[in-house]
Amino acid sequence: MAHRPPAAVRPSESARSSAALVHALLPLVRAEAAAEAPGAGAEPGDLEQAAWVRLLEGPTAEPWPGDPARRVRDVVRAEARRARRTAARELPYRYEPVAAPDSDPERAALRTDRTRTLRAAVGRTPGRCPLVLTAMLSPEDLTYREIAGELGMSQGSLGPLRSRCLGCLRRMLAAEVAAPELGGKER
């Protein structure tokens, strides 16, 4: 005796016929969607999916009365018209509205945190580096001549000292902020 699944699990006759019809019409729906998509400004897969949703909604007793191929063409074309209308109404932003830097609380908090971390690292650098780096980070945007005069050193020796201090600062910050591992995983 063959084992039969319970009636609740067995598909109904109409469900089996709908599945057979879907399987039979799948190539036609794909072809129609691929043909209509460029003119509609839509992706063929999106158009195909919208057509299937429309085709499969409704009563299940008699899924598609009349000529199923004609119904598929009509539905795909109707979905293409809908996609064209939608695309005509939806206009992309030409420019992203720019918010003031301080208007976004998250950006302000991140900027404050970065500044605090940088200033703390500058304070831990050796020798004259804290003075040089603090002068370079000054909001007055001092020139090399002004920084050298403020520190009592020649302008020619400021460049090499600045390079050594920045290298030291980079090494310190790289040790504090772990670089991501390969594959995007963080340590």
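The secondary structure here comes to seven helices and zero strands. Read from the N terminus, the order of elements is α-α-α-α-α-α-α. Please keep in mind that this is a predicted model.

Some totals for the protein. There are 187 residues, and 23% of them are buried.

Now to helix 2, residues 44-56. Helix 2 has 13 residues, and from first C-alpha to last it reaches 18 Å. That is close to the expected 18 Å, taking 1.5 Å a residue. Which residues of helix 2 are buried? They are Leu47, Glu48, Ala50, Ala51, Trp52 and Leu55. Note that Glu48 is on that list of buried residues, along with Trp52.

Next, a helix pair. Helix 4 covers residues 105-123 and helix 5 covers residues 129-136. The two pack at an angle of about 150°, and their axes are 8 Å apart. Which residues meet there? From helix 4 we have Arg119, Val122 and Gly123, and from helix 5 they meet Pro130, Leu133 and Thr134. By class, the residues of this contact divide into three nonpolar, two polar and one charged.

To recap: seven helices, zero strands, a helix 2 whose reach is close to the expected 18 Å, and helices 4 and 5 packed at about 150°.

Conventions:
Residues numbered from 1 in each chain as written. Predicted model: local features only at pLDDT ≥ 70, side-chain atom pairs only at ≥ 80, totals over all residues. Heavy atoms only, no water. Helix = DSSP H or I, 4+ residues; strand = E, 2+ residues; numbered from the N terminus. Buried < 20%, exposed > 50% of the residue type's maximum accessible area, 1.4 Å probe, protein only. Axes fitted to C-alpha atoms, helices over the stretch in contact; angles between N-to-C directions. Contact = heavy atoms within 4.5 Å. Nonpolar A, V, L, I, M, F, W, Y, C, P; charged D, E, K, R; others polar. Expected span 1.5 Å × (residues − 1).
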